[in-house]
Each structure stands twice: as structure tokens, then as C-alpha cells.
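My notes follow in the order in which I checked things.

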Amino acid sequence: MPFPPDPVLAPLAELAAHAQPLRVPAGTRLFDAGHPCPGFPLVDEGSVSVSLLAPDGRRLELYRVDPGEVCVVSATCLFAHRVATASGEARTDTALRLITPADFEAVCERDPVLRRYVMGLMAERLADLMALVEAVAFQRLDQRLATLLCARGPRLLATHQQLADELGTVREIVSRLLRRFERDGWVALGRERIEVTDAAALQRVCAASNAV
């Protein structure tokens with residue numbers, strides 16, 4: 001599946017057409033925090049998770065890059081000539097094309113529409129990250145888990161570890177909360193599967209105003 005033909009992204013798509021295609025298995029690290037960005041990735045198939053990694057191994061997912069979307073960490077890294085501020089990893093088996101840093105810089109310099117578009121996406125992503133910081137700082141973990149289940153339900157195909165990574169916590173806490181939700185009749189748990197059975201109850205948890 002080629003990169004979607006969005007008119008604004010056409011210059012990137014043209015570069016991608018001549019870039020070396022890559023196909024990587026789930027779990028492949030594509031770039032690392034603290035290291036130069038190897039290039040600008042355009043995802044054709046699959047999904048890339050961009051996360052902050054703690055020294056103790058915990059992961060906080062910042063966002064995902066799906067086909068047709070722009071990786072803001074890569075763009076920021078290349079625009080500012082700085083090392084990456086987060087790590088990118090293939091969530092699933094993923095096909096992508098990697099535009100070299102020099103080509104990305106050159107196309108953004110000669111195409112102001114594309115440059116403004118990428119800068120606008122960076123501003124939108126910053127707003128999303130501010131909302132994530134607010135949730136981590138001021139919401140209880142059960143509220144955040146309930147919010148995630150309501151947003152992804154009624155059936156999620158995910159492991160407890162994957163949910164913990166998204167929430168920036170450890171698997172044991174997520175498993176404990178899910179078992180509590182199951183005892184209350186709000187969810188049904190299976191192997192790498194969670195089914196929401198009482199969305200209204202979870203929504204009441206989401207709306208609770210108690211702070212951490």
C-alpha cells in the first residue's frame with residue numbers, strides 16, 4: 001500500500017517513491033531517544049509507537065504513526081538538527097520508507113506549504129501531549145484506564161503490558177485494575193482480549209473528579 005496521495009504531502013510522497021522500502025517485524029526499534037534521527041519515516045502499512053522510556057523499563061506512549069500520518073518527533077529532530085527526544089518502535093509488522101535527513105530538509109526549504117503543514121501538525125501534537133501530561137499528573141490511574149477502555153472498546157485486542165505502556169505504568173498495576181473491573185462486571189478478560197461489558201460504569205469512573 002503506497003503512502004496516501006495527500007496533495008500537501010505530495011513532495012514527500014515523491015521522495016518516498018525513490019526511497020529504499022523497509023519491512024520490519026513488530027518490536028523493531030526505528031529510532032532512539034538521545035540519538036540522531038536516521039531519517040523521516042513514511043508508513044505504508046502497520047503502525048509505529050513513539051514513546052518515552054524510563055530507566056526502569058517503563059514506557060509512556062506519546063502517539064502512534066499510522067499510514068498517511070507524520071512523525072512529529074522525527075520532523076522536530078530534523079528541523080532543529082537535534083537528537084531524537086523519544087523512541088520509535090514498530091507496533092506491528094510494518095512497511096515504511098525512510099527519507100534521508102538531507103532530502104527532508106531540502107524539500108521543506110523549497111516547499112513553504114509543506115513546511116507550514118508540518119509545523120501545524122507539530123502544534124497539534126503539542127496540544128495532545130499537554131493533555132497527556134495533564135492526565136498523567138492529575139487523573140487517577142483507574143480513570144485513565146477506564147478512559148482508554150471506553151475509547152477503544154467494546155473489544156480490545158491488547159496485552160496488559162501494551163496497555164501499561166500506553167498509560168506509563170507497570171503491567172502488574174494494570175492487571176490488578178482490570179481484575180477489579182472484571183469482578184465488578186465491567187469487563188470480561190481473555191487472552192490478549194478485553195471486552196467492555198458495562199460501558200456506563202466505566203464512563204462514571206472516567207467522570208470521577210478525584211485527583212491522584
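Entry 1

In what order do the four strands of the open sheet lie? I note that the model is a predicted one. I read the order as 2-6-4-5, and the pairing is antiparallel. I then looked at the edges. Strand 2 (29-31) and strand 5 each have a single partner strand, so one side of each has no neighbour in the sheet. As background, I wrote down that the strands of a sheet pair through backbone hydrogen bonds, either parallel or antiparallel.

Entry 1: strands 4 and 5

I went on to one pair within this sheet. Strand 4 (residues 48-53) runs antiparallel to strand 5, and six bridges join the two. I looked up two facing pairs: leucine 52 stands opposite leucine 60 of strand 5, and serine 49 stands opposite arginine 64 of strand 5. The two strands form a hairpin with five residues between them. Glycine 57 in this hairpin has a positive phi near 95 degrees.

How many residues of strand 5 are buried? I find seven of its seven residues buried, and I note the strand as mostly covered.

Next I looked at an open sheet of three strands, which has the order 8-10-9 and antiparallel pairing. Strand 8 (155-156) and strand 9 are its edge strands, and each pairs on one side only. Two bridges join strand 8 to strand 10, while four join strand 9 (residues 187-190) to strand 10 (residues 193-196).

Which residue of strand 10 is the bridge partner of alanine 188? I find glutamate 195 there. I also find glutamate 195 as the bridge partner of arginine 155.

Strand 9 and strand 10 form a hairpin with two residues between them. In the turn, glutamate 192 has a positive phi of about 55 degrees. I looked for a helix against these strands and found helix 7 (residues 171-183), which lies across strand 9 and strand 10. Helix 7 runs at about 125 degrees to strand 9.

Entry 2: the cavity

I turned to empty space. Rolling a probe the size of a water molecule over the atoms shows where such space is left. The structure holds one cavity of 30 Å³ or more. I noted a volume of about 40 Å³ for the largest cavity.

Which residues line the largest cavity? I listed Leu30, Phe31, Pro41, Val43, Val48, Val50, Val65 and Cys71. By class, the lining has eight nonpolar residues, no polar and no charged ones. Strand 2, strand 3 (40-45) and strand 4 each supply at least two residues of this lining.

Entry 3: the second largest pocket

Last, I looked up the second largest pocket, which holds about 380 Å³ of space. I find 17 residues in its lining, and those nearest its centre are Glu61, Arg64, Arg91, Gln162 and Asp165. Strand 5 (59-65), strand 6 (87-90) and helix 6 (160-167) each supply at least two lining residues. What classes make up the lining of this pocket? I noted five nonpolar, four polar and eight charged residues.

Note on methods. Residues numbered from 1 in each chain as written. Predicted model: local features only at pLDDT ≥ 70, side-chain atom pairs only at ≥ 80, totals over all residues. Heavy atoms only, no water. 1 Å grid on protein atoms, 1.4 Å probe; cavity = no way out; pocket = protein on both sides within 12 Å on 5 of 7 lines; lining within 4 Å. Points joined across faces, edges and corners; volume = space filled by probe spheres on them. Nonpolar A, V, L, I, M, F, W, Y, C, P; charged D, E, K, R; others polar. Pairing = 2+ DSSP bridges. Contact = heavy atoms within 4.5 Å. Axes fitted to C-alpha atoms, helices over the stretch in contact; angles between N-to-C directions. Buried < 20%, exposed > 50% of the residue type's maximum accessible area, 1.4 Å probe, protein only.
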